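Dear colleague,

I am passing on a structure that you have not worked with before. Please have a look at it first, and then read my notes below.

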Amino acid sequence: MKLSLCPMIAIVCILFVGFIGIVSFTQQVEAHPIRVAYKHTDVNCHGEDSMLGYIICRVFTVTTSTVLEDHPRKNSTFHWHRTYRTDEYDSVDRYYADCGYCQSS
């Protein structure tokens, strides 16, 4: 079937106006921010030496993360999240009887 250009443009315009009308009635809410908290812990692993006391066997970093929502969620049709990242740094010393116990876990 051949359609002329005028009816095709009219159909597209009607569909576009209908889409705009439906979208305008949907609820849109800006989401509450989400905070991702990273904790970086530098671990100084010490092993006991009979002559020198404790010596540094290994140094490594353990990184953990937690996702925290700043406000409770609300039900909505559209829900976008803004993500914020925070970093926290810490250091800890671990003492063991032997350097073989120094592990990154």
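In which strand is Asn 44 found? Asn 44 lies in strand S2, which covers residues 34-49. Please keep in mind that this is a predicted model.

Asn 44 has a relative accessibility of 19%, and because the limit for a buried residue is under 20%, Asn 44 counts as buried. Its side chain makes a polar contact of 2.9 Å with the side chain of Asp 93, and, when residues up to four places away in sequence are left aside, Asn 44 touches Arg 58, Val 59, Ser 91, Val 92, Asp 93 and Arg 94.

The structure holds 1 salt bridge, in which the side chains of Lys 39 and Asp 90 meet at 4.0 Å, taken from N to O.

As for the chain as a whole, the protein has 1 helix and 5 strands, which follow the pattern α-β-β-β-β-β along the sequence. Of its 105 residues, 14% are buried, and the accessible surface comes to about 8600 Å², with 60% of that belonging to carbon and sulfur atoms. Among contacts with a separation of 6 or more, 74% are between residues 24 or more positions apart.

Definitions and conventions: Residues are numbered from 1 along each chain as its sequence is written. This is a predicted model: local features need pLDDT of at least 70, side-chain atom pairs count only at pLDDT 80 or more; totals for chains, interfaces and linings use all residues. Side-chain values use heavy atoms; hydrogens and water are left out. Helices (H or I, at least four residues) and strands (E, at least two) are DSSP runs, numbered from the N terminus. Buried means under 20% relative accessible area, exposed over 50%, partly exposed in between (1.4 Å probe, protein chains only). A polar contact is a pair of N or O atoms within 3.5 Å; within protein, one must be able to donate a hydrogen and the other to accept it, and residues adjacent in sequence count only if both atoms are side-chain atoms. Contact means heavy atoms within 4.5 Å. Accessible areas come from the Shrake-Rupley method with a 1.4 Å probe; for residues, only the protein chains shown count as cover.
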